[in-house]
Amino acid sequence: MKISRSPWLLHYDASSCNGCDIEVLAATTPLYDVERFGIINTGNPKHADILVITGGVNAQSANVVKQIYSQMPDPKVVIAAGICACDGGIFKDCYNISGGTDTVIPVDIYVPGCAVRPEALIDGVIKAVALLDQKRKEAVEHASCQVDFSKRPAK
Amino acid sequence: MNEIVIMIIGIAAYLILAPVIGILVSGYDRVVTARMQGRVGPPFLQPLYDIIKLFNKEATIVNKVQTALVVAFLIFQVFTGCIFFSGSDILLVFFALTLADVLLILTACSTNSPYSSMGAQRELLSIMAYEPMTLLTAIGFYMVAHSFNVKDIICTDTPAIIKLPGIFIGYVFILVIKLRKSPFDLSTSHHAHQEMVKGLTQDISGNVLGVFELAELYASVLNMAVVGLFFITNKPISILWALIAINVVYFVILLIDNIFPRVKWDVMLWSSWIVTFTLGGANLFLLDVLKS
């Protein structure tokens with residue numbers, strides 16, 4: 001049985017303007033209803049499979065993002081939702097913004113948009129769950145779950 | 001000899017069928033909840049997919065005792081159900097069930113997470129709220145059947161509900177607390193909590209959470225079976241009434257879950273105690289007066 005049938009989300013706002021956050025919440029409303037795919041928005045990193053980050057990572061939120069990521073049990077997938085989370089967006093050159101989420105933790109799926117549309121986000125999550133299955137398979141083959149830190153660019 | 005065979009069949013049926021029924025009930029729960037909110041909702045077998053996923057996940061073990069306590073919680077939950085379905089003492093069932101819950105509280109207390117210990121304290125308050133009513137339920141069954149044994153209670157001529165309507169309503173009331181449904185989902189919830197994230201299960205993760213979910217399935221089947229006990233008599237047709245009653249009660253609990261917001265602990269405590277002592281107490285008092 002594939003584990004992709006029950007992805008639990010954790011949503012963290014790194015420094016978003018709340019535009020993308022509202023769209024993430026909109027995806028759980030009756031119109032979009034992500035629970036159709038078994039997706040639950042859990043607040044607990046220890047229960048989550050998919051980490052959704054909105055907003056560019058700044059000096060204050062970088063440590064929180066790292067900590068949340070390290071608390072999530074393997075296999076796990078990271079989605080950068082919105083253009084700010086993907087590469088910093090219009091805040092890219094600000095003195096306090098370190099850029100996209102991938103400057104802090106390895107990102108698997110990039111979902112651009114300002115703000116990200118719920119349809120695009122659901123599409124990204126569906127891609128992410130396929131990746132979850134793949135990571136689980138790799139973990140079984142290697143007999144352990146290891147985070148691939150080589151994907152993290154040098155600071 | 002025949003009695004022992006029936007006991008073993010009851011235990012085996014519970015061990016095998018309870019997770020299956022639990023998953024179906026839980027799936028029904030989630031689909032009906034979604035429909036009440038105008039959503040399509042997850043697939044019917046979603047709870048099964050959740051448990052399979054959890055057993056495929058890595059667990060973050062925060063200390064040495066946590067896993068042992070969660071496994072002990074499962075064992076006591078299953079053990080309690082075995083006592084019930086083998087037709088033994090219902091008083092023992094309620095006490096063993098409390099012991100299982102205490103193990104869960106110890107699990108939550110053993111970690112350093114403030115959310116977890118907050119959930120543990122709220123769970124203690126929940127026990128305080130529902131425990132008097134469970135005792136009155138057991139006493140009520142004794143007054144009707146003159147025995148605490150489940151096998152004697154199901155052999156009466158008239159269903160227990162006729163003599164115990166107040167106790168029945170009181171038991172359904174505390175069932176909302178036991179199943180952790182809104183407005184009494186204080187310690188942990190299937191829905192996202194704002195103020196304390198996941199409460200009791202905060203630090204339980206991966207396959208250990210899978211064990212916890214499995215224990216919850218056994219618990220829900222046992223709790224609903226006690227509802228059925230109010231309707232079962234020595235006539236085989238009464239099993240049908242019991243199943244209908246269980247369905248109606250579960251639907252009402254889901255309706256309450258979707259209508260009411262979460263209350264504070266003090267509201268839970270006084271409301272459950274008022275229901276216990278007015279409905280439960282009055283029911284027992286009248287039963288005693290009418291008998292003599």
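How are α9(B) and α10(B) oriented to each other, oblique or roughly parallel? Hello everyone, let me walk you there. This is a predicted model, in which local features need pLDDT of at least 70, side-chain atom pairs count only at pLDDT 80 or more, and totals for chains, interfaces and linings use all residues. Residues are numbered from 1 along each chain as its sequence is written, with chains lettered from A and ligands numbered from 1 in the order in which they are written.

Let me answer that opening question. The axes of α9(B) and helix α10 (residues 238–259) of chain B come within 8 Å and cross at roughly 125 degrees. Axes here are lines fitted to C-alpha atoms, for helices over the stretch in contact, with angles running from 0 to 180 degrees between N-to-C directions. So α9(B) and α10(B) are oblique to each other; under 35 degrees counts as roughly parallel, over 145 as roughly antiparallel, 65 to 115 as roughly perpendicular, and the rest as oblique. Helices, by the way, are DSSP runs of H or I with at least four residues, strands are runs of E with at least two, and both are numbered from the N terminus.

Who makes that contact? On the α9(B) side we have B:M224, B:V227 and B:G228, and on the α10(B) side B:A242, B:A245, B:I246, B:V249 and B:Y250. Contact means C-beta atoms, placed from the backbone, within 7 Å. By class, this contact has seven nonpolar, one polar and no charged residues. Ala, Val, Leu, Ile, Met, Phe, Trp, Tyr, Cys and Pro count as nonpolar, Asp, Glu, Lys and Arg as charged, and the others, Gly among them, as polar.

Staying with α9(B): of its 24 residues, 21 are buried. Buried means 20 or more other C-beta atoms within 10 Å of the residue's own, exposed means 12 or fewer, and partly exposed lies in between, again with C-beta atoms placed from the backbone. The helix reaches 35 Å from its first C-alpha to its last, close to the 34 Å expected at 1.5 Å a residue, where the expected span is 1.5 Å times one less than the number of residues.

B:V221 counts as buried because it has 23 C-beta neighbours inside 10 Å. Leaving out residues up to four places away in sequence, B:V221 touches B:A18, B:I21, B:G22 and B:G81. B:V221 and B:P19 are 202 residues apart in sequence, yet 8.2 Å apart in space, C-alpha to C-alpha.

Helix α4 (residues 90–110) and helix α5 (residues 114–145), both of chain B, pack at about 180 degrees with axes 10 Å apart. That makes α4(B) roughly antiparallel to α5(B). Their contact includes B:F94 and B:L104 of α4(B) and B:L124 and B:F141 of α5(B), and its residues divide into 13 nonpolar, five polar and three charged.

What about the two chains together? Here, 27 residues of chain B are in contact with 19 residues of chain A. On the chain B side, α2 (46–55) and α9 (206–229) are the elements giving two or more residues, with the largest share, five residues, coming from α2(B). That side divides into 10 nonpolar, 10 polar and seven charged residues.

Finally, chain A has four helices and five strands, running β-α-β-β-α-β-α-β-α from the N terminus. Of its 155 residues, 50% count as buried.

Technical notes: Two residues are in contact if their C-beta atoms, placed from the backbone, lie within 7 Å.
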